[in-house]
Amino acid sequence: MKITAGIGSADAYIPCVEAGAQELFCGYVPADWMEKYGIFLPLNRREVLYYPVQIGARSELQILGSMKEVYGVPVTITLNSLYYMPEQYPILAAYIEQCMQDGFSSFIVADMALLVYLHAQGIDRHIQLHISGELSEVNRLTIAQCKQLGAQRIIFHRKTTLADMHACTAAQPELEYEAFVLNEMCHFHGAFCSSLHCDELPHACLIPYKLGGAYDSIYSQEKPCDEPVRARVGQSGCGLCALWRMKQAGIAYGKLVSRGNFLEETVRDIRAFRAALDIVEASASETDFQAQMKKQLFPDGCSGACYYPVNRVQ
């Protein structure tokens, strides 16, 4: 499995690569898009200006392209808003062409209509298309349709079970598959969340709430602020303990969500991810893997914010 991590600026590229990331992704929102459409018709799911979550100038994009050529670690550009207006599709095609001129050839897409447009224009034949977890593909038929429209990689959404991943990869083994492993365990399917992720408003998932019944211990947002932290890895979502089964399911890329995080935290998470993958390779069985994970990464327990709780190290 390869580690794919998000970056919010060109400055983060080299530290993330040196920490062990084998692929990176970032947003690119030119100033003319922000001037015309603002945060209410965003280019991707990061409608933020106050802190670095995406590239906002072509000059920085070109610098990143030059770094990519030197270090050889690819960067994918996100175009993963849930939907766009019809007038925006030709603009998006022009942005893709601009990115291609600067050395970028892979793009993450969440809007099915954009996928159809790129296929109709023949653009999909010249780029690599990754289906965002924001599309919330739900079954093998959806994946087959995306493949017909030029998709080469499927990024499973956050609520996909390991069993469902295995079923989908077995049905379409020729595609690449990616799954969430670290950070931002959103309580919603991406496609069913209409919250703005901007400077002015809090995210909907940060509003205090509590679900009753069996989900109390997993989804409660009423934990005291002074609760001691048990682990420094995966505090906002962790799937490291599921890596063994992900490998068996054919997941080739592990997603580390990190756009907007402090760079030192991202570097720390990449190194922990790398260590967990090394444990997978060195383990003779899943039981051995679990024991080594507890010994090496979680000697004092984990955060409990499990993407895939069935595999949690106790």
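This is a predicted model: local features need pLDDT of at least 70, side-chain atom pairs count only at pLDDT 80 or more; totals for chains, interfaces and linings use all residues.
I started with strands E2 and E3 (residues 54-55), which pair in the parallel sense over 2 bridges. For me, strands and helices are DSSP runs, numbered from the N terminus: strands (E) of at least two residues, helices (H or I) of at least four. Two strands count as paired if DSSP finds at least two bridges between them. Tyr-28 stands opposite Ile-55 in E3.

Residues are numbered from 1 along each chain as its sequence is written, and side-chain values use heavy atoms, with hydrogens and water left out.

I followed E2 to its other partners. It pairs with E4 (residues 75-79), also parallel, over 4 bridges, and Leu-24 sits opposite Val-75 there. E1 (residues 2-6) runs parallel to E2 and is joined to it by 3 bridges, with Thr-4 partnered to Glu-23.

Buried or exposed, what are the residues of E2? I found 6 of 6 buried (under 20% relative accessible area; exposed is over 50%, partly exposed in between; 1.4 Å probe, protein chains only). Glu-23, Phe-25 and Gly-27 cover one side, Leu-24, Cys-26 and Tyr-28 the other.

Next I looked up Met-34, in helix H2 (residues 31-37). Met-34 is partly exposed at 22%. Leaving aside neighbours within four places in sequence, Met-34 is in contact with Val-29, Ile-39 and Leu-49 (heavy atoms within 4.5 Å).
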